[in-house]
Amino acid sequence: MWPNISAAPFLLTGFPGLETAHHWISIPFFAIYVSVLLGNGTLLYLIKDDHALHEPMYYFLAMLAGTDLMVTLTTMPTVMGVLWLNHREMSHGACFLQAYCIHSLSIVESGILLAMAYDRFIAIHNPLRYTSILTNSRVVKLGMGVFLRGFISIVPVIVRLFSFPYCHSHVLSHAFCLHQEIMKLACADITFNRLYPVILISLTIFLDSLIILFSYILILKTVMGIASGEERAKALNTCISHIGCVLIFYVTVIGLSFIHRFGKNVPEVVHVIMSYVYFLFPPLMNPIIYSVKTKQIQYGIRRLLTKHTTEN
């Protein structure tokens, strides 16, 4: 019979073997944390404040920025708590809630990138009907569908975590909670919790990536049919920012998956670093990519800086 230690809190872990350097490690993490908040917060403010950005493309970008903010606000407080204060204990309920948010937001982000690919396909394939196809109400419905898919689909496995007894070690290998780690600590049949995520990822993130790839094949086919080289370049330029965000998100997802499945001989610190890259790199880079490659965003930032300078 298993000893009853289910009520014991989970223990988060920072960087194994580098505990004495946690304060130094916290400096770049805090800098990235602030950068993510400022970058995505600025995008949301610009899109809300600038009427020139009240278009479907930027509404989807606002959803992406909001999702990146939520991912960061979900994970980084516990990370900084471990690095700064060595605060490692986390109750079961809080841990399950964090895992729920992390995994559901990953599916949401994939769905938003898919919606953005659809937006670019309509803009290039059928530009004359763009505004009539992607009306504000349709954008809202797409956004609601993406968020509902992410937040509902992950519920079954998270709910089951509450019913499991936890009799093994309560130590998690990250400074945040992940479903795949929590379930391994359970003294129960976790077959459903092993199989359901595989099916879910196949039907969401993996399928989304295939549809995005197919949409860009169609976009490229349409662009190649444009007679003017200048018009071809202009059409493709509107997709560069989105392509960059897609590559960053899916490459980090694939990289983390390969490390977890095939990197058993890889040092533990590499697993930990890859998980942080997955959660922090896309939210950090997405605003930078759109700021560098999108003229309307650049104009908005200049106007914001000019306004701030004038007021001072």
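**Cavities, a pocket and cysteine pairing in a predicted model**

About 60 Å³ of space lies in the second largest cavity. The structure is a predicted model, in which local features need pLDDT of at least 70, side-chain atom pairs count only at pLDDT 80 or more, and totals for chains, interfaces and linings use all residues. Residues are numbered from 1 along each chain as its sequence is written, and side-chain values use heavy atoms, with hydrogens and water left out.

Spaces were searched on a 1 Å grid over the protein atoms alone. A cavity is a set of points where a 1.4 Å probe fits but cannot get out. A pocket is an open set with protein on both sides within 12 Å along at least five of seven lines. Lining residues have an atom within 4 Å of a point. Grid points are joined across faces, edges and corners, and a volume is the space filled by probe spheres set on the points. By this rule there are two cavities of 30 Å³ or more.

The second largest cavity is lined by Met57, Phe60, Met116, Asp119, Arg120, Thr238, His242 and Tyr290. Helices are DSSP runs (H or I, at least four residues), numbered from the N terminus. Helices α2, α3 and α9 (229-262) each supply at least two residues of this lining. α3 gives the most, with three. Four of the lining residues are nonpolar, two polar and two charged. Here Ala, Val, Leu, Ile, Met, Phe, Trp, Tyr, Cys and Pro count as nonpolar, Asp, Glu, Lys and Arg as charged, and the others, Gly among them, as polar.

The largest cavity has a volume of about 70 Å³. Its lining consists of Asp68, Val71, Ser106, Glu109, Phe249, Tyr278, Phe279, Pro282 and Pro283. At least two residues come from each of α2 (56-85), α3 (92-125) and α10 (268-293). α10 contributes the most, four residues. The lining has six nonpolar, one polar and two charged residues.

The second largest pocket holds about 620 Å³. Of its 21 lining residues, Arg120, Lys234, Ala235, Thr238 and Gln296 are the closest to the centre. α2, α3, α9 and α11 (295-311) each supply at least two lining residues. The largest share, seven residues, comes from α9. By class, this lining has ten nonpolar, five polar and six charged residues.

An unreviewed UniProt entry places the feature "transmembrane region" at residues 24-46, 58-85, 97-118, 139-162, 195-219, 240-260 and 272-292. Such positions are given in the numbering used here, feature names are shortened, and annotations may be inferred rather than shown by experiment. Residues 195-219 are 100% helix and 0% strand, with end C-alpha atoms 35 Å apart. Residues 272-292 are also 100% helix and 0% strand, and their end C-alpha atoms are 30 Å apart.

The whole structure contains one disulfide, defined as a pair of cysteine sulfur atoms within 2.5 Å. Cys95 and Cys177 form this link, their sulfur atoms 1.9 Å apart. The link is left-handed, with -110 degrees about the S-S bond. Cys95 lies in helix α3 and Cys177 in the loop between α6 (155-163) and α7 (179-182), so the pair ties together parts that are 82 residues apart in sequence. Both Cys95 and Cys177 are buried. Buried means under 20% relative accessible area, exposed over 50%, and partly exposed in between (1.4 Å probe, protein chains only).

For Cys187, the closest cysteine sulfur is in Cys167, 3.1 Å away and too far for a bond. Cys187 counts as buried, at 13% relative accessibility. The sulfur of Cys239 is 12 Å from its closest cysteine sulfur, in Cys245, again too far for a bond. Cys239 is buried, with a relative accessible area of 1%.
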